[in-house]
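Here is a friendly walk through one protein chain, written for someone who likes to keep the coordinates open alongside the text. Please load the model and follow along.

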Amino acid sequence: MYSSVTDICTEEELDAMLLHIESHVPQCRSPHWTPGWRAESEVALLDAIFSARAPYGGPTSGVRAVVQRWRSHRGDNRLDDLTTLAQLTTTPDLLVEILSNRQLVPGNSRTKAAAAAVAAQTLVSVRLSRSSDFEQHTEQQFDAFCAIPGLGETTWECVLMHLGVRTDKAAEHLRSFVADALEPLHHNFAAGIAEDRSPL
């Protein structure tokens with residue numbers, strides 16, 4: 001099977017990467033890893049907000065439980081229309097009830113459910129309502145999102161990550177991780193090699 005990773009890395013480099021992954025982010029540390037929520041803007045937003053300052057949980061608890069409750073409420077297979085969440089801005093307690101979660105955002109200014117509704121309304125107002133809209137996001141859209149009390153850059157990056165949108169910050173983290181993994185093999189050359197070896 002063809003792999004773009006093994007095609008650009010030596011076997012020794014690939015072994016170093018796998019060892020680095022296992023020593024720093026082993027599967028046992030986060031057994032309920034998610035591949036993200038591509039093409040599901042509603043779920044990406046909920047996940048990003050509800051995972052802040054909270055244990056992620058398992059398949060039926062934590063963030064996954066919030067996502068499942070929203071999915072059950074919506075009754076749709078694909079949750080990719082933020083206007084549905086935005087409509088609950090005037091009745092945030094209803095969303096708290098639907099999601100069965102009363103956690104507060106950092107700063108404790110409101111519930112995460114209320115923040116999700118406000119965030120959805122804000123994103124829709126700056127023309128980000130479906131997952132495909134985020135692919136060409138702007139600085140103004142980022143600023144509008146980060147102006148919401150209790151949310152910020154980390155939550156924004158998390159939304160984009162869940163949607164599979166590549167960002168400069170994510171690429172920087174990935175290059176740094178690869179450089180650390182390859183340092184024992186290449187010493188001072190690792191940073192430059194990491195950029196060559198990163199699939200971004």
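**Overall fold**

Please keep in mind that this is a predicted model. The protein chain contains 11 helices and 0 strands, and its elements, read from the N terminus, run α-α-α-α-α-α-α-α-α-α-α. Of its 200 residues, 44% count as buried. If you look at contacts in the chain with a separation of 6 or more, 65% of them come from residues 24 or more positions apart.

**The nonpolar core**

In soluble globular proteins, nonpolar side chains tend to be buried together. Which residues touch the most other members of the largest nonpolar core here? They are L45, W70, L95, L99 and F134, in a core of 43 residues. At least two residues of this core are supplied by each of α3 (41-50), α4 (62-74), α5 (82-86), α6, α7 (112-125), α8 (139-146) and α9 (153-163). The largest share is that of α7, with 8 residues. Another core lies apart from this one; it has 5 residues, including A16, V178, A181 and L182.

Leaving out residues up to four places away in sequence, L99 touches L46, F50, V66, R69, W70 and A113. L94 sits in helix α6, which covers residues 92-99. L94 counts as partly exposed because its relative accessibility is 38%.

**How α3 meets α4**

Two packed helices are described by the angle between their axes and the distance between the axes. For α3 and α4, the angle is about 150° and the axes are 9 Å apart. The crossing of α3 past α4 is right-handed. On the α3 side, the residues that meet α4 are E42, V43, L46, D47 and F50, and their partners in α4 are V63, V66, V67, W70, R71 and R74. How many residues of each class make up this contact? There are 7 nonpolar, no polar and 4 charged residues in the contact of α3 with α4.

**Two loop residues with positive phi**

R53 has a phi near 50°, a positive value in a residue that is not glycine. R53 belongs to the loop between α3 and α4, and it is exposed because its relative accessible area is 58%. R127 is likewise not a glycine, and its phi is positive at about 65°. R127 is placed in the loop between α7 and α8. With a relative accessible area of 65%, R127 is exposed too.

The loop between α7 and α8 also holds S132. S132 has 45% relative accessibility, so it counts as partly exposed. S132 and V165 are 33 residues apart along the chain, with 9.3 Å between their C-alpha atoms.

**Two buried helix residues**

E13 lies in helix α2, residues 11-24. Is E13 buried or exposed? E13 counts as buried, because its relative accessibility is 2%. Along the chain, 171 residues separate E13 from P184, yet their C-alpha atoms are 9.8 Å apart.

T155 belongs to helix α9. T155 has a relative accessible area of 9%, so it is buried. Not counting residues up to four places away in sequence, T155 touches A48, I49 and F145.

**Cysteines**

A disulfide is a covalent bond between the sulfur atoms of two cysteines. With a cut-off of 2.5 Å between cysteine sulfur atoms, the count comes to 0 disulfides. The table gives the accessibility of two cysteines.

| Cysteine | Relative accessible area | Class |
|---|---|---|
| C146 | 24% | partly exposed |
| C158 | 15% | buried |

The limit for buried is under 20% relative accessible area, so C158 at 15% is buried, whereas C146 at 24% is partly exposed.

Methods. Residues numbered from 1 in each chain as written. Predicted model: local features only at pLDDT ≥ 70, side-chain atom pairs only at ≥ 80, totals over all residues. Heavy atoms only, no water. Helix = DSSP H or I, 4+ residues; strand = E, 2+ residues; numbered from the N terminus. Buried < 20%, exposed > 50% of the residue type's maximum accessible area, 1.4 Å probe, protein only. Core = buried A, V, L, I, M, F, W, Y, C linked by side-chain atoms within 4.5 Å. Contact = heavy atoms within 4.5 Å. Axes fitted to C-alpha atoms, helices over the stretch in contact; angles between N-to-C directions. Left-handed = near helix turned anticlockwise from the far one by under 90°. Nonpolar A, V, L, I, M, F, W, Y, C, P; charged D, E, K, R; others polar.
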